[in-house]
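Q: I am new to this structure and would like to go through its aromatic rings. Could we begin there?

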Amino acid sequence: MEQVLNSKYECLLFDVDDTLYPLSSGVSAECTKNIMEYMINKLGIEETRVPEMCTELYKEYGTTMAGLRAKGYDFDYDDYHSFVHGRLPYGWLKTDHTLRNLLRSLPFRKVIFSNGNEAHVAKVLSRLGLEDCFDDIICFETLNPIHRDNVQPENDFDEVPKAPIVCKPFGNAFEQAFEIAKIEPRKTLFFDDSIRNLQTANSMGLHTVWVGASHQSKGVDYVLESIHNMREALPELWDDIEKSEEVPYSGKAAIETYVRA
């Protein structure tokens with residue numbers, strides 16, 4: 001405990017998809033397919049419009065789901081998540097002993113911060129064998145309680161029309177996460193695969209780690225080709241910890257995708 005109190009960081013904040021597991025798993029591609037099928041089959045959107053519409057909504061509103069609601073499409077959140085995430089091939093994800101050992105060796109508070117819904121996050125963590133590695137989870141339901149008002153408060157970080165869904169990369173999502181999880185931004189290290197999320201986080205005082213990248217960018221403090229590279233790229237996290245066996249890592253790289261649930 002004394003080591004943690006004297007550390008530069010108090011909290012490690014983690015995204016889930018394409019961060020705790022690589023884009024190469026294929027799960028995100030299946031998620032994109034499910035989103036498009038939902039738009040066509042459930043919302044009646046013309047098939048030829050869907051790919052471009054997905055990209056535009058993701059870029060403008062943070063997630064395709066948030067964009068659809070902002071544009072006036074009426075659908076049940078649970079139905080959307082069931083269709084988009086409930087049919088994912090979670091079996092493609094395997095227990096990650098390397099990541100588990102890395103996380104368990106760090107005596108910091110560890111928190112999940114995902115745009116995904118609770119069931120999806122729980123399933124991913126279970127498949128990876130990480131369900132007991134985190135202290136708190138901030139997800140879709142955390143940021144969007146069922147009975148909340150649709151109008152979101154103004155804040156200095158949002159530059160798009162307000163949507164009824166709170167999500168990264170916008171400042172109000174981070175502000176709510178800080179309040180709910182009692183996070184001190186300047187004592188927090190944030191891991192994410194999305195450069196947009198990281199740049200917002202950086203502007204709000206967090207230290208940032210771009211996972212799945214191989215080059216530096218504005219708003220990023222550290223770059224990891226894989227989450228397994230944590231110990232190599234961030235040795236200071238282990239500086240005050242008794243040295244243990246070297247942990248092997250994978251060098252597989254990921255890239256940011258533009259269609260997200």
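A: In this predicted model, ring pairs join Tyr38, Phe75, Tyr77, Tyr80, Phe83 and Phe140 into a cluster. Rings of Phe, Tyr and Trp (its six-membered ring) pair if their centres lie within 6.5 Å; planes under 30 degrees apart count as stacked, over 60 as edge-to-face and the rest as tilted.

Q: Which charge lies over the face of Phe83?
A: Arg87 does, at 3.9 Å from the ring centre. A charge sits over a ring if NZ of Lys or CZ of Arg is within 6 Å of the ring centre and within 35 degrees of the ring normal.

Q: And over Tyr58?
A: Arg196 lies over that face, 4.3 Å from the ring centre.

Q: How many aromatic pairs does the structure hold?
A: There are 12. One of them is Phe113 with Phe174, edge-to-face at 5.1 Å centre to centre, with 85° between the planes.

Q: Where do those two sit in the chain?
A: Phe113 is in strand S2 (residues 109-113) and Phe174 in helix H9 (residues 171-181), 61 residues apart. Helices (H or I, at least four residues) and strands (E, at least two) are DSSP runs, numbered from the N terminus.

Q: Is Phe113 buried or exposed?
A: Phe113 is buried, at 0% relative accessible area. Buried means under 20%, exposed over 50%, partly exposed in between (1.4 Å probe, protein chains only).

Q: What about Phe113 and Phe190?
A: They form a tilted pair, 6.2 Å centre to centre and 45° between the planes. Phe190 lies in strand S4 (residues 188-192), so the pair ties together parts 77 residues apart in sequence.

Q: What conventions apply?
A: Residues are numbered from 1 along each chain as its sequence is written, and side-chain values use heavy atoms, leaving out hydrogens and water. Local features need pLDDT of at least 70 and side-chain atom pairs count only at pLDDT 80 or more, while totals for chains, interfaces and linings use all residues.
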